Amino acid sequence: MDTKVSLDSIYAPSEDVVVRLIEGELIIVPLVSGIGDLEDELFTLNETGKAIWDQLDGKKTLREVVKVLSAEYVDPAGEIETDVIGLVEELQRRRMIVGLVKSDE
Amino acid sequence: MKQPSPYSVRLESDKASLWKDNPPLLTALDLELTERCNNNCIHCYINLPADDSNSAARELSTEQAKNILADAALLGCLSVRFTGGEPLLREDFEKLYVFARRIGLRVLLFTNATLITPELATLFAEIPPLEPLEITVYGMNQGSYESISRTAGSYECHRRGIELLLENKVTFVVKTALLPPNRKEMAEFRSWASTIPWMDTPPSCTIFYDLRCRRDSKEKNRFIKQLRLTPVQIQAILSRNKVEYQKEMEEFCSKFIGPPGESLFPCGAGINRISVDAYGYCQPCTLLRHPETVYDLKTGSLRDGLTNFFPEVRERKASDPDYLKRCARCFLKGLCEQCPGKSWLEHGTLDTPVEYFCEIAHFSARDLGLLGEGEMGWEVADWRERIRNCGAQDVLELIL
């Protein structure tokens, strides 16, 4: 699977997972087989992951996601862009998100 | 944004630990989809005939069952156990299964596997339950299996179901119940079980048989009692690996035994995990169906049951004079299976002592060196000392 991530890409949660918010914790529950490395895994995201996940709404490009998060969080070393790309690569590899059309298409 | 990668964390099997001191109101649900079964097992505590139309007519409708699942998910529930009877007898099983998975529940299915179809195996492969199916194996051949299931053709259906799951790589584990027709097959069973790809540990084996949960047949109860192992037999099984058993039990006793007092529910029944029967009555555990401890979900809600009804049930104190004289003061609680669920099954009460379990606990305690001959657990004042000495004696025995 191509996991190359572009800041001009748009992503949304996959229909192959169910996302639940339970007592403040975001839980990603695989619906179909082949999500994650093992068959029976559930995933939760840390605070960084949750902040990014909430922005993956199928509308904003990753560049816009970085902009929104940069307005909200201190980012002296440009870590936000690295975090966004890192998480998106991970989620895409696990088939938990899907890439939609690029903004320039 | 100062947290480093990784951003995602795999949840451990103890999902509730994620929330530490603030767990969801409900973490796991047992949903008994039917009391009917296509087998007629000699030891079973719940099975009604598959064609019992009265029971079928009273069962939760598809929509009612879905509503319960949805409510459970809203309360934070992460997994549902579909049990029975045989859950696959429900014509709407697939609908309920897919619904449960689509709302983000893991599904644990207890089944005899006889009704697994190619379509169902494919469904489990495509939308995995996220928990291994648990399949009870009553025998390693048609003779032993059907002596227990009392259903012609059931062995062949059972093995075909298992083959379908293997072919489709559907994760499952097997377990058994030790009964007269299969007693000589245990080694063969364990050996076969070890060939199943997902059997990481030896299969579990039921050696305690509960009486009918609806208290519906004295005749069946008499028969179940005849099947029960004696305390000597049970202890022989439990302690077959003597050194390992002694070590495990010393650790167990140091943590978990002691007089329970008047409180009826030192267990976790009705907290975070509850059971719903086939007709929509919520129970604190799978066994306890005493009318005073069940909550009707058709006129109430899971939230109300968990926040109001079950906490009140758990406040109940024992009142049976015999219980207060013996069980409440007995330090063998923890070794003994006595609980409100067992009292309900055996006596129709919440706290009448069950002699069978008392005998087993006392036999085990004597074998472990916790009690002398003729001593009873409720007579021992220095029980903490007994537990400490039990371990010390054992070490000496091993050295000498």
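**An exposed arginine, a covered strand and a shared contact**

B:Arg150 is exposed, because 12 other C-beta atoms lie within 10 Å (a residue is buried if 20 or more other C-beta atoms lie within 10 Å of its own, exposed if 12 or fewer, and partly exposed in between, with C-beta atoms placed from the backbone). This residue is found in the loop between helix 5 (142-149) and helix 6 (154-167) of chain B; helices (H or I, at least four residues) and strands (E, at least two) are DSSP runs, numbered from the N terminus. Phi of B:Arg150 is near 50°, a positive value in a residue other than glycine.

The structure is a predicted model, in which local features need pLDDT of at least 70, side-chain atom pairs count only at pLDDT 80 or more, and totals for chains, interfaces and linings use all residues. Residues are numbered from 1 along each chain as its sequence is written, while chains are lettered from A and ligands numbered from 1 in the order in which they are written.

B:Arg215 sits in the loop between strand 9 and helix 8 (218-227) of chain B, and with 15 other C-beta atoms within 10 Å it is partly exposed.

Now for chain B as a whole. Its secondary structure comes to 15 helices and 12 strands. The C-alpha atoms fill a box of roughly 60 × 55 × 50 Å, taken along the principal axes. A compact globule of 400 residues would have a radius of gyration near 21 Å, and the 22 Å of chain B agrees with this; the radius is taken over C-alpha atoms, and the globule rule is 2.2 Å times the number of residues to the power 0.38. Of the 400 residues, 43% count as buried. Among contacts between residues at least 6 apart in sequence, 72% join residues at least 24 apart, where two residues are in contact if their C-beta atoms, placed from the backbone, lie within 7 Å.

In chain B, 9 strands form an open sheet in the order 9-8-7-6-5-2-10-11-12, with mixed pairing; two strands pair if DSSP finds at least two bridges between them. Strand 9 (205-206) and strand 12 (295-296) of chain B stand at the edges, each with a single partner strand, so one side of each is left without a neighbour in the sheet. In general, strands of a sheet pair through backbone hydrogen bonds, either parallel or antiparallel.

Strand 2 (residues 26-32) of chain B runs parallel to strand 5 and is joined to it by 5 bridges. B:Leu29 has B:Val80 as its bridge partner, and B:Glu32 stands opposite B:Thr83. Strand 5 also pairs with strand 6 (residues 106-111) of chain B, in the parallel sense over 4 bridges, and B:Phe82 stands opposite B:Leu109 of strand 6. From strand 5 the chain crosses through helix 3 (residues 93-102) of chain B to strand 6, in a right-handed β-α-β crossover (right-handed if, with the strands pointing away from the viewer, the path from the first strand over the helix to the second runs clockwise). The loop between strand 5 and helix 3 of chain B holds B:Gly85, and a cis peptide bond with omega of about 20° joins B:Gly84 and B:Gly85.

Strand 8 (residues 172-177) of chain B contains B:Val173, which is partly exposed, with 17 other C-beta atoms within 10 Å. Leaving aside neighbours within four places in sequence, B:Val173 is in contact with B:Pro132, B:Glu134, B:Trp198 and B:Met199.

The contact between the chains takes 30 residues from chain A and 25 residues from chain B. On the side of chain A that touches chain B, the elements giving two or more residues include strand 2 (17-22) and helix 3 (79-93) of chain A. Helix 3 of chain A supplies the largest share, 6 residues. Chain A averages a pLDDT of 86, and 88% of the residues score at least 70; pLDDT is the predictor's confidence in each residue, from 0 to 100.
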